[in-house]
Each structure stands twice: as C-alpha cells, then as structure tokens.
Number of protein chains: 2
Amino acid sequence: MNSQAASGVYGPVRDDLPRVETLLQSLRPNEFPFLARIMNHVLEAGGKRIRPALALLAGKLGNYDLDHLVPLAASIELLHTATLVHDDVIDNAPTRRGRPTANALAGNAATVMVGDYMFAHAAELVARTGNIDVIRLFADTLMEMATGELHQDMSAYAYGEGTRDYFNRIAGKTASLFATAAKGGAMVAGAPDEQVEALRAYGESLGMAFQIVDDILDFSGDADEMGKPAGSDLMQGTLTLPSLILIERYPANNPVKRYFSGHRTESLRRSLAMIRESNILEESFNVAVDFRDRALASLEVIPASETKETLTDIAYWVTQRRS
Amino acid sequence: MNSQAASGVYGPVRDDLPRVETLLQSLRPNEFPFLARIMNHVLEAGGKRIRPALALLAGKLGNYDLDHLVPLAASIELLHTATLVHDDVIDNAPTRRGRPTANALAGNAATVMVGDYMFAHAAELVARTGNIDVIRLFADTLMEMATGELHQDMSAYAYGEGTRDYFNRIAGKTASLFATAAKGGAMVAGAPDEQVEALRAYGESLGMAFQIVDDILDFSGDADEMGKPAGSDLMQGTLTLPSLILIERYPANNPVKRYFSGHRTESLRRSLAMIRESNILEESFNVAVDFRDRALASLEVIPASETKETLTDIAYWVTQRRS
C-alpha cells in the first residue's frame, strides 16, 4: 500500500495532507546532505500517513485551523517515524517493508542522531499548537510508546507471553499514537468533549485493529507486496496474535515452543505451516474485526457528515488492506 | 568532582536537591531490572547536578514552588543524561569519566531504548510544569541540542573548523541547556522578565565557560581524576579550543593537521606536547574566564541575596574545578 493508494480514502482532508508533507520536508537538515538523505529515506518509508490523516479529520469536528492542525499532524508522523528508526537500530533490522533500513544504509550512529533530531522536531511542532492539554497528551503518549518498546524488546524470545500481554503491548506501541492523533486533532479544533472522547476511543480501537492486521499480514502476506519474508516477526522472536493462538491450542507440544528453545529452522517452517493451514489467521482476523466494530461504535455520537463517512471508510480499509 | 563535593556550593537549594534525586530514581522501569540498572548507571555517572541546581536557584527569584520546580529540574537532568547516553552510542565510546558506558555494558539496543525512555520522561516532566512558555523553551532547547550534536558529529575529523564554529557548537551542545535550566526555573517561579532574561544570559555564559574548562581539562587534567587519557577529544577527532588555537598559530605546519591526515600516533603525541608546553591552555582558560565574567555581569540586575551569592560562587567554581 503506497501513499497514493491510501490517500483515496482520506476524503475531505486529502487535499490538505500535502501541507503536512511540505512541512515534514522543510525539516530536513539541508546543511548536512548525508543526514538529509537519511531523513528523506525514512520519511518516504512511512507510506500511508494514516496518523496525520486522522489528526486532520478529527480537526473537521471543530475549528478546522490548519495552522495548528498541520504541525500536530506532522509532529505525530515524525514521532511515529522516529520510533521506527530507533526500533530498527534496537532490532538491528536490515530491511523494513522491503527497503533497506537507515541503520543498514548509514550505520547506527547517524541513525540514532537522525532519530533524535526527529524526536526534537516532533516536540517543537507539538509545542506550536499552543495547547497545553495536547502537549501533555503528546508527552504521555511518548511515555506509553517508550514503555511499550521496552516491553516488546524485553519479551522477545520470552516464551510464555499470553494474548493479554500482547494486547497491552500493541496498545502501547501502536494504538496509543492512533488515539492521540484522533483525540489531539479534535482537541486542537476545540471539538465538544463528548466528540473528543469518541475520537480517542475510535483511534485506540482502530490502532488495535491496524496492528493485528499488520501481524496477520506478516504470516499471510505476499512476500513481494510486504517486502519481507512471511513469519519475520517470529523469526525476530516476537510473538504476535497468530503464534499466541497456536501456543494456546497446543500448550504441551507446539513448534513455536520448540522454536524458542533453539530448534530454529524446522520449527519456524512448521509453525508457519500450522498457522497458515489452520483457521488461526481467520480467528485473528475476527479479533481485528471486533476492534474495527468497536471503533465504528465509538463514532455513534458524531453527527452525520462527510468526516464521519471518511472515518468509517478508514476503519473498513484498515481491515481490508492486503499490505 | 563528585556530587557530594559539588553540592557544597549550591547554598540555599542544597537541601532540596535530594527531591530531584528521589524523583529521578522513581522513574526507573523496575519491572525490567536490567534496564533499571542501566538507567541507574547512567544517572549516577551524571555527577554534579549543576543543571538542576541552577533551575532550583533560579526559582528562588520568584515563587519557590517545588511541586513545579522539581519536575523541571529533573526533566533537564534527564534530557542532559539521555543526550550523553545517545552520544556514547553515536561515538561508540567505551568509557565516560572512567566508568564503562551503558553501551559498553549493555549493548547499543538497550542503550538506545533507555535513552528514548529518558527523553520521554523528560517531556512528561516538563509538561507537569503546566507552563506553555517553559515547554516551548524546552522543545527549542531539544532542537538546539540535536542540531548541535549533528554539527559535532558531522565535523569530526573535518580539519578546517575555526573557533567560531567551535563556539557555535558548544553553544548548542552545552550552553543552551544551562540557559534553559536557569531561565526555565525563573519562568516557572514567575520572576520578573528582566530577571528571567538575566538568568538566561547567566546560564548561557556559564555553560560556555563550563564546556571550555571541560575541554581544557581534557588536555591538562589528571588521567585518574578525569577517568580518561589526556587528549581523548582529539583522539576522537573532535577539535576543541586548545587544538584550534594550535592550528591558528601554525597554519602551515602543525601536528593536528598531520593527525587529521592520518599520521596518528606520533602527531597526537606531538600535539599534546605542544599544547601542554605552550601557553595555549592558559589562553583557552582566559576565554573561559571571559565567559565567567560575562555570566557574573548578567547577575547585576539581580538584587543582593543568598541566591545571588550562590550563583556567583557557582561561576567561580566552574572555572576553578579540576575535574
């Protein structure tokens, strides 16, 4: 899914998203062409811009002031991207979505620096909103994401995590920033409290659905479309919903357990086969659909409008996407 | 210089600094003992706590409300420490002040994570001040420091940097956070504008003096007290004031130039000898004293008080310290 294909679903804010792009581009450290190229590389890898789109759409529920909404949307995308960049350093990942990672291209040193530079800009941009509650929300989200990252990495290769830990982990890692994008946009626009809360709940459930679908696609997706081999999460020692369901079904004897105890190649192949040949991906998908439906239910208090239709379309798109 | 020895100079805020320490300790991620130990290790390495002391002292110029000043002071120390931690990853440094770095002990992955976790907490703590101007100041400082770090690392081994570049670089890397500590404390306390500006100017000049003295001690200091060999900046390809003065004196033919063109061992030895045997360190020290005097001059508008005396003492201490 590239940004062109996704932007079709963004309705009334489609034509304003390029302003977010322009702002992001303007932050490149042009006096250091090497670093500017790294930043370009990682921003281009981001792709769908779903978080900025949510922030702008939420802004449609109140005073749609792009001078404040565009910095918020850019801030959230920068925070997201900076997190990916540092994750790639932490995981020592060679590729992300089929493209070489910044650390593979430029080394850890420059990559950590560019990540920090993007975090700094994210903080500066959110301060431009001039809204203390939005800034607090941003800081709390940063905390949730950093803690979520600790949990993810400290539980890698920790066999025994359950689905509850998984839901907590993706709530911190993904859903929190979706929630902040949607809630923050509504707050900046001064939308009524009830709608601010509705957007937060929508964003959170949408983020959960988004991450679960991501984790399903890691098993089911086409390697070319996804830009990574099937099962790459498991290969990195990260348990996601499909492998956790497999573990629950065969607690005494299952290939994921054998994989984690060191019998790697054959156990990985066997895990993938068992997951793909069973109804585990379908069961996982039903969980994503459940979160999507919760997201849709959260929209009930929003008055009928093009914005509401678009938020609805996005929720369906999130569970229908193929990459 | 350890924190016990330094704290004697902090006068009226000496007994409140432990509250900053307690807050910092409370942020350790205790559910992950490994990461909590890394964070402890890097916080202990910080040492002097001069930045938190400045923030609290500045708060004495207005409403000395520790509920807001302590989070600000802790936020600034965390930002400082997180920067050091990421710098060590960027520079691949094995030791800092004689102690192994976090990356040497725990690897880059955990270290980047702990740095991000500390950045996140710093943002959350500054948001607790509830002061939008202080938050903006914090975000701008983060930007200056990140840009300063880019400049430092992109100019490593770039022979040809002049003293002006050096002053710009240390302004971003060190003086900006000193200025923010002092200005931020005064702002949180609601000190009069004239005093807020005086504290900013004081902090900035003090930070310049502090960094220049650091850079002199890198050449002149006792290896045991400093915990690193003499000339370690030059060894890492970083030009500081003493080596820049040496270059200016012998533009056509000098050992720093030969060091940068690859004749390492003998040229480094020769550079150290020429700097230590000349009056270059004295000349550099005079520049530090000049900045100290500017810091003292900035205090003129501050009414006579124990706080003013302590700020004066700190300025003298900064240029008199031996490590």
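Mentor: Let's begin inside: α6(A) gives the largest share of the lining of the largest cavity, 6 residues. Keep in mind that this is a predicted model.

Trainee: Okay, how much space lies in the largest cavity?

Mentor: About 240 Å³. The lining has 21 residues, and the closest to the centre are A:Asp116, A:Ala120, B:Leu79, B:Phe119 and B:Leu142.

Trainee: Which elements give two or more residues to that lining?

Mentor: From chain A, α6 (102-127) and α7; from chain B, α5, α6 (102-127) and α7.

Trainee: And how does the lining of the largest cavity split by class?

Mentor: There are 16 nonpolar residues, 2 polar and 3 charged.

Trainee: How many cavities of 30 Å³ or more does the count come to?

Mentor: The count is 7. The second largest cavity has a volume of about 140 Å³. Its lining is made of 16 residues, with A:Thr83, A:Phe119, A:Met145, A:Ala146 and B:Asp116 nearest the centre.

Trainee: Which elements supply at least two residues there?

Mentor: α5 and α7 of chain A, plus α6 of chain B. By class, the lining of the second largest cavity has 11 nonpolar, 2 polar and 3 charged residues.

Trainee: Let me zoom out to chain A. How many helices and strands does it have?

Mentor: Chain A has 16 helices and 2 strands. Its radius of gyration is 19 Å, close to the 20 Å that the globule rule gives for 323 residues, so chain A is as compact as a globular protein of that length. The C-alpha trace spans about 55 × 50 × 30 Å along its principal axes.

Trainee: What percentage of chain A is buried?

Mentor: Buried residues make up 61% of its 323 residues.

Trainee: Now a helix in chain B. Why does the end-to-end distance of α15 agree with its 19 residues?

Mentor: At 1.5 Å a residue, residues 280-298 should span 27 Å, and the end C-alpha atoms of α15 in chain B are 27 Å apart, so the two agree. Its buried residues include B:Leu281, B:Phe291, B:Arg292 and B:Leu296. Among the elements covering the buried residues of α15(B) are α8 (163-188), α14 (264-277) and α16 (306-320) of chain B.

Trainee: Last one: B:Asn40, buried or exposed?

Mentor: Buried, because its relative accessible area is 18%, and buried means under 20%. B:Asn40 lies in α3 of chain B. Leaving out residues up to four places away in sequence, B:Asn40 touches B:Gln25 and B:Arg28.

Definitions and conventions
Residues numbered from 1 in each chain as written. Chains lettered and ligands numbered in written order. Predicted model: local features only at pLDDT ≥ 70, side-chain atom pairs only at ≥ 80, totals over all residues. Heavy atoms only, no water. Helix = DSSP H or I, 4+ residues; strand = E, 2+ residues; numbered from the N terminus. Expected span 1.5 Å × (residues − 1). Buried < 20%, exposed > 50% of the residue type's maximum accessible area, 1.4 Å probe, protein only. Contact = heavy atoms within 4.5 Å. Rg over C-alpha atoms; globule rule 2.2 N^0.38 Å. 1 Å grid on protein atoms, 1.4 Å probe; cavity = no way out; pocket = protein on both sides within 12 Å on 5 of 7 lines; lining within 4 Å. Points joined across faces, edges and corners; volume = space filled by probe spheres on them. Nonpolar A, V, L, I, M, F, W, Y, C, P; charged D, E, K, R; others polar.
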